[in-house]
Amino acid sequence: MLPAIGLTHYLILGAVLFVFGFICVMSRKNAIGLLMGVELILNAANVNFVAFGRYVEGLSAGVTGQILALFVIVLAAAEAAVALAIVLALYQNAHTIDVDTLEAQRGPTLESLATDRIW
C-alpha cells in the first residue's frame with residue numbers, strides 16, 4: 001500500500017523544481033537554457049498553487065489555486081513565445097545564442113557616444 005501524499009510532498013517537489021530552475025538560470029550561457037530554467041521556476045509555482053488550493057482550507061474549495069496555476073500557464077506560454085522570437089532574431093543577426101557573446105556585441109553606450117561627439 002502506498003503512503004498518502006500530502007501537502008509536504010508537493011511543497012518538496014515545488015522546492016526541488018525551483019532549485020533546479022534557479023541553478024539552470026544562473027549557470028547557463030545559452031538563451032534556450034535560460035528559458036528552460038524560467039519555465040522550471042514557473043512550474044514550481046504552479047505545483048505550489050495547486051497544492052495549496054487542494055490542501056489548505058478556506059480557499060474557495062481549491063478553485064483559487066487552479067485559477068492561479070492557469071494564469072501562470074498562460075503567462076508562461078506568452079513568455080515562451082516572445083522569448084523564442086527574440087532568440088530567433090538574435091540568432092539571425094549574431095549567429096549565436098550565447099548570452100555572454102551577445103553582451104559583448106551590444107555596441108557603444110550613450111555615454112561613449114556623447115563623449116565621442118564632444119571630443
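Predicted model: local features only at pLDDT ≥ 70, side-chain atom pairs only at ≥ 80, totals over all residues.

Q: Which residues of helix 1 are the buried ones?

A: The buried residues of helix 1 are Gly-14, Gly-21 and Cys-24. Seen down the axis of helix 1, these buried residues fall within an arc of 90 degrees, so they line one face of the helix.

Q: And what does the face turned away from that buried side carry?

A: The face of helix 1 turned away from its buried side carries the exposed residues Thr-8, Met-26 and Ser-27.

Q: How far does helix 1 reach from its first C-alpha to its last?

A: Helix 1 covers residues 7-27, which is 21 residues, and it reaches 30 Å from its first C-alpha to its last, close to the 30 Å expected at 1.5 Å a residue.

Q: What about the span of helix 2?

A: The end C-alpha atoms of helix 2 are 36 Å apart, which agrees with the 36 Å that its 25 residues should span at 1.5 Å a residue. The buried residues of helix 2 include Ala-31, Gly-33, Leu-35 and Gly-37, and also Asn-46 and Val-47.

Q: What caps the N-terminal end of helix 2?

A: Asn-30 caps that end of helix 2, with a side-chain oxygen that lies 2.9 Å from the backbone nitrogen of Ile-32.

Q: Changing topic, where is Thr-96 found?

A: Thr-96 is found in the loop between helix 3 (63-94) and helix 4 (99-104).

Q: Buried or exposed, and why?

A: Thr-96 counts as buried because its relative accessibility is 18%, and buried means under 20%. A polar atom of the Thr-96 side chain lies 3.1 Å from the backbone nitrogen of Asp-98.

Q: What does Val-99 touch, leaving out residues up to four places away in sequence?

A: Val-99, which lies in helix 4, touches Lys-29, Asn-30, Ala-31 and Leu-34 on that count. The C-alpha atoms of Val-99 and Arg-28 are separated by 8.6 Å, although these two residues are 71 residues apart along the chain. At 32% relative accessibility, Val-99 counts as partly exposed.

Q: Last one: where in the chain is confidence lowest, and where is it highest?

A: Confidence is lowest in helix 5 (residues 110-118), at a mean of 63, and highest in helix 1, at 93. The mean pLDDT of the chain is 82, and 79% of its residues reach 70 or more.

Technical notes. Residues numbered from 1 in each chain as written. Heavy atoms only, no water. Helix = DSSP H or I, 4+ residues; strand = E, 2+ residues; numbered from the N terminus. Expected span 1.5 Å × (residues − 1). Buried < 20%, exposed > 50% of the residue type's maximum accessible area, 1.4 Å probe, protein only. Arc of directions from axis to C-beta. pLDDT = per-residue confidence, 0-100. Polar contact = N/O pair within 3.5 Å; in protein donor to acceptor, adjacent residues only side chain to side chain. Contact = heavy atoms within 4.5 Å.
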